[in-house]
Amino acid sequence: MAEHRTTIHLPSIGSLLRHAGRPLLESTLIPLGLFWLLFTQLGFDAGLVGALGWSALAVGRRLVLRRRLPAILIISTLLLIIRTVVGLCTGSAFLYFLQPTVQNFVFALALLVTIGFDRPLLAKLADDFCVFPEAVTGNRGIKRFFRRVSLLWALVFVVNGVTTLTVLATRTVGDYLMVSTAGSYSVVALGIGLSLWWFHRSLAGEGLRLRIGAPAAI
């Protein structure tokens, strides 16, 4: 007897990449790039203000246009406000970059604490990168997957935290930015690959199958 599966169609690849890339650019890559550019050209304080200014602009634009605020943008902006205040008050690049390093451990703890929720923190963050239909997010097996994969991502954040803390304590700001960008994203990419494989297995176990693009017209 053929195995019955429910096919759920997602938007096109281009649409998925735009949806996933926008919050990543807004919350992480552009503020980091602005900080480095202004830091090297105008100094530490200019880098701080430039990075925070971009994040404030991104939040303000969405509020004015009445668009949904991604959870990752809200979290990163609040944390950036704290980092900027500390950086401006102390003038210490070490303390400014120590905070996002410590935040890796905070995120790991938050993932572990919310594992028992109906929708853990990781599931809400996943909405920023790909909006799944209710048939997926409401499935008990998929909810169980997000609880379990939260353990994997807690480990990813701990590894990132230990690595960047070591580099921050022993190398220059330039070395730190290189490692925190290239090194951290390499670990994150590995985590994404494992998560997608695990997600695919979980979907198959629940009789669900995802297809990219709209269903063909009959």
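Start with the contact between helix 3 and helix 4. On the helix 3 side we have Ile 75, Leu 79, Leu 80, Ile 82, Arg 83, Thr 84, Val 86, Gly 87 and Thr 90. They meet Leu 95, Tyr 96, Phe 97, Gln 99, Pro 100, Gln 103 and Phe 107 of helix 4. By class, that contact has ten nonpolar, five polar and one charged residues. Bear in mind that this is a predicted model.

Now the geometry. Helix 3 covers residues 71-90, and Thr 84 is found there. Helix 4 runs over residues 93-113; the two axes come within 9 Å and cross at roughly 145 degrees. The crossing is right-handed.

Is Thr 84 buried or exposed? Its relative accessible area is 3%. The cut-off for buried is under 20%, so Thr 84 counts as buried. What is Thr 84 in contact with, leaving aside neighbours within four places in sequence? Leu 48, Leu 52 and Tyr 96.

How many cavities of 30 Å³ or more does a search of the whole structure find? One. The largest cavity holds about 50 Å³ of space. Its lining is Asp 118, Arg 119, Pro 120, Ala 123, Thr 137, Ile 142, Lys 143 and Phe 146. Helix 7, residues 140-170, gives the most to that lining, with three residues. By class, the lining divides into four nonpolar, one polar and three charged.

Definitions and conventions. Residues are numbered from 1 along each chain as its sequence is written. This is a predicted model: local features need pLDDT of at least 70, side-chain atom pairs count only at pLDDT 80 or more; totals for chains, interfaces and linings use all residues. Side-chain values use heavy atoms; hydrogens and water are left out. On a 1 Å grid over the protein atoms alone, a cavity is a set of points where a 1.4 Å probe fits but cannot get out, and a pocket is an open set with protein on both sides within 12 Å along at least five of seven lines; lining residues have an atom within 4 Å of a point. Grid points are joined across faces, edges and corners, and a volume is the space filled by probe spheres set on the points. Helices (H or I, at least four residues) and strands (E, at least two) are DSSP runs, numbered from the N terminus. Ala, Val, Leu, Ile, Met, Phe, Trp, Tyr, Cys and Pro count as nonpolar, Asp, Glu, Lys and Arg as charged, and the others, Gly among them, as polar. Buried means under 20% relative accessible area, exposed over 50%, partly exposed in between (1.4 Å probe, protein chains only). Contact means heavy atoms within 4.5 Å. Axes are lines fitted to C-alpha atoms, for helices over the stretch in contact, and angles run from 0 to 180 degrees between N-to-C directions. A crossing is left-handed if the near helix is turned anticlockwise from the far one by less than a right angle, and right-handed if clockwise.
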